[in-house]
Amino acid sequence: MVLARPQSKTELFTTFSKMALKGFGGVLVVVQFDLVDRKRWMTQTQFVEEWSVAQIMPGPNVVNLCLMIGGRYFGIQGAMAALAGLMCIPLVLVLALAILFGGVSDSPYAQGALRGMGAVAAGLITATGLKLTHALPRNVMGLGACVLFAVLTFIGVGVLRLPLAWVLLGLGSLACGFAYYKLARATLSQQTGSQS
């Protein structure tokens, strides 16, 4: 598949502005659809890999991803254009909504709306997670290792209530080491195969 690329920093700005405006409760679903399916700036596998890196970096995941994508195509100016697109219009909208919500925050209707939005956001995140799983069999570690690390992460954070930073540091280091080992083995086998 031939990948496209943004034609200008303005296109980066407008694309990330539209994503931010469509992403209520989180933009992961929208970002994945726009970057992979609609714009075709990256493959599903590339998206999963870059999203993984964006998640372990400090700061909001989508901000990290937009900085990486903007920086890849147009350097620091592209990163800033993508970031501005992601943040400017939503910032103005959130400030306006905060002012409006301040007057009705005690209303049972407003409280019910917030609870409903929370349920929708959880559903969107779950659906996106399930959609991203089809890239796992092509992961260098293999499907079994990916599932094992996912289960261990869930047990560490969800069941044992360990701090996320420690789980990421511990299991993330193990997963990185294992992936490096598998990549080294694959490279070695390719080199010995090409020599014979």
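A polar contact is a pair of N or O atoms within 3.5 Å; within protein, one must be able to donate a hydrogen and the other to accept it, and residues adjacent in sequence count only if both atoms are side-chain atoms. This is a predicted model, where local features need pLDDT of at least 70 and side-chain atom pairs count only at pLDDT 80 or more, while totals for chains, interfaces and linings use all residues. Residues are numbered from 1 along each chain as its sequence is written, and side-chain values use heavy atoms, with hydrogens and water left out.

**View 1. Glu-11 and the residues around it.** Look for Glu-11 in helix H1, which covers residues 9-22; helices here are DSSP runs of H or I with at least four residues, numbered from the N terminus. Its side chain makes a polar contact with that of Lys-39, at 3.2 Å. Skip the neighbours within four places in sequence, and Glu-11 is in contact (heavy atoms within 4.5 Å) with Arg-5, Pro-6, Lys-39 and Trp-41.

**View 2. Glu-11: buried or exposed?** Glu-11 counts as buried because its relative accessible area is 19%, and buried means under 20%, exposed over 50% and partly exposed in between (1.4 Å probe, protein chains only).

**View 3. Leu-152 in its helix.** Now move to helix H6, residues 143-159, where Leu-152 is found. Leu-152 has 36% relative accessibility, so it counts as partly exposed.

**View 4. Stepping back to the chain.** Seven helices and zero strands make up the count for the protein chain. Its C-alpha trace spans about 75 × 45 × 25 Å along the principal axes. Of its 196 residues, 28% count as buried.

Key:
Helices (H or I, at least four residues) and strands (E, at least two) are DSSP runs, numbered from the N terminus.
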